[in-house]
2 protein chains.
Amino acid sequence: MSAIQKNVESASESYSASFTKGHLALPPAKKYLVLTCMDARIDPAQAFGIELGDAHVIRNAGASAVDALRSIVISEQLLGTTEIVLVKHTGCGMLTFKNEDAFGIVEKNLGAEAVEELKKYSPEFLPFPELDKAVEEDVKFLKASKVVPDSVTISGWVYEVETGKTKRVV
Amino acid sequence: MSAIQKNVESASESYSASFTKGHLALPPAKKYLVLTCMDARIDPAQAFGIELGDAHVIRNAGASAVDALRSIVISEQLLGTTEIVLVKHTGCGMLTFKNEDAFGIVEKNLGAEAVEELKKYSPEFLPFPELDKAVEEDVKFLKASKVVPDSVTISGWVYEVETGKTKRVV
């Protein structure tokens, strides 16, 4: 067993020993979803004030709305959420490369077949050159999307990994 | 401003007031990623023992490996992670419907154009009928994938929303 796997087991033991939330329902109690980045420096529950059971939390590279669309639809159409809080962050890896660079790295490290397989599931890496603009564009995409009804409230934010602050953009 | 937006602002104020982790680096310090579900009843940091800065956390509906592939590649090929901890959970919404049911609901609520738009980005809802089997299949998919090198350590787990325990499956 790896050190990381051992760490999951010991965390499970201590977390479950004092666990008192086994009664929570499947649909989020506060009917919202948070979409943010997979970045290791973000703890959404603490930073954005999410109590256990209150909200879906979707995370992917760059907090991409396009990438999250399947999960967003399930959250809204099947589990009753009515509000989206989208949070990108300073120092994001997605600000540091271009789509073709990333495909170049995958091809060099893993070969042309790996690139082909990846493109089958995900045609683009979805990086962005400007942070605030990327938040605005993703909110715009969700507002324009027929998949997200107009009744859904959407806001866009930036989390600062340097200060722990979350600031509204749109 | 909505109550949920106000809650983000007040959480930001209190979180940033005692924030001391502004120095953390972009690549995850412990070089691993956790892939789990967006379910509101999961707090990955607490339940799986993830310290801030240590691991990427990817979350989507059902902890789908296929859906997460773009993020996984970025985590490994661009940010140096070498281990995947995949965690699905009891009581998952993805156990409760079929692909065609979900498309039927979207079509009824949002119309045929919404279905078409969604399919452009995500051809399937990716539900699964059996929990342990779904964990095994996703781990198998990642191990077989040319996109994930053989050197990457992969384990599959189930989190119990009733008890707070995380148990190894594969």
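This is a predicted model: local features need pLDDT of at least 70, side-chain atom pairs count only at pLDDT 80 or more; totals for chains, interfaces and linings use all residues.

Trainee: Why is B:Met1 called exposed?
Mentor: B:Met1 has a relative accessibility of 56%, and exposed means over 50%, so B:Met1 counts as exposed. The residue is found in the segment before α1 (3-17) of chain B.

Trainee: Which residues is B:Met1 in contact with, leaving aside its neighbours within four places in sequence?
Mentor: With those neighbours set aside, B:Met1 is in contact with A:Arg168, B:Lys6 and B:Glu9, where contact requires heavy atoms within 4.5 Å.

Trainee: What makes up the lining of the largest pocket, by class?
Mentor: That pocket, with a volume of about 480 Å³, is lined by 19 residues, of which A:Tyr121, A:Ser122, A:Pro123, B:Tyr121 and B:Ser122 are the closest to its centre. By class, the lining has nine nonpolar, two polar and eight charged residues; Tyr and Pro count as nonpolar.

Trainee: How do you know which helices and strands contribute to the lining of the second largest pocket?
Mentor: At least two residues of that lining come from each of α2 (44-48) and β2 (55-60) of chain A, and likewise from each of α2 (44-47) and β2 (55-60) of chain B. The second largest pocket has a volume of about 420 Å³, and its lining divides into 18 nonpolar, four polar and eight charged residues.

Methods. Residues are numbered from 1 along each chain as its sequence is written. Chains are lettered from A and ligands numbered from 1 in the order in which they are written. Side-chain values use heavy atoms; hydrogens and water are left out. On a 1 Å grid over the protein atoms alone, a cavity is a set of points where a 1.4 Å probe fits but cannot get out, and a pocket is an open set with protein on both sides within 12 Å along at least five of seven lines; lining residues have an atom within 4 Å of a point. Grid points are joined across faces, edges and corners, and a volume is the space filled by probe spheres set on the points. Helices (H or I, at least four residues) and strands (E, at least two) are DSSP runs, numbered from the N terminus. Buried means under 20% relative accessible area, exposed over 50%, partly exposed in between (1.4 Å probe, protein chains only).
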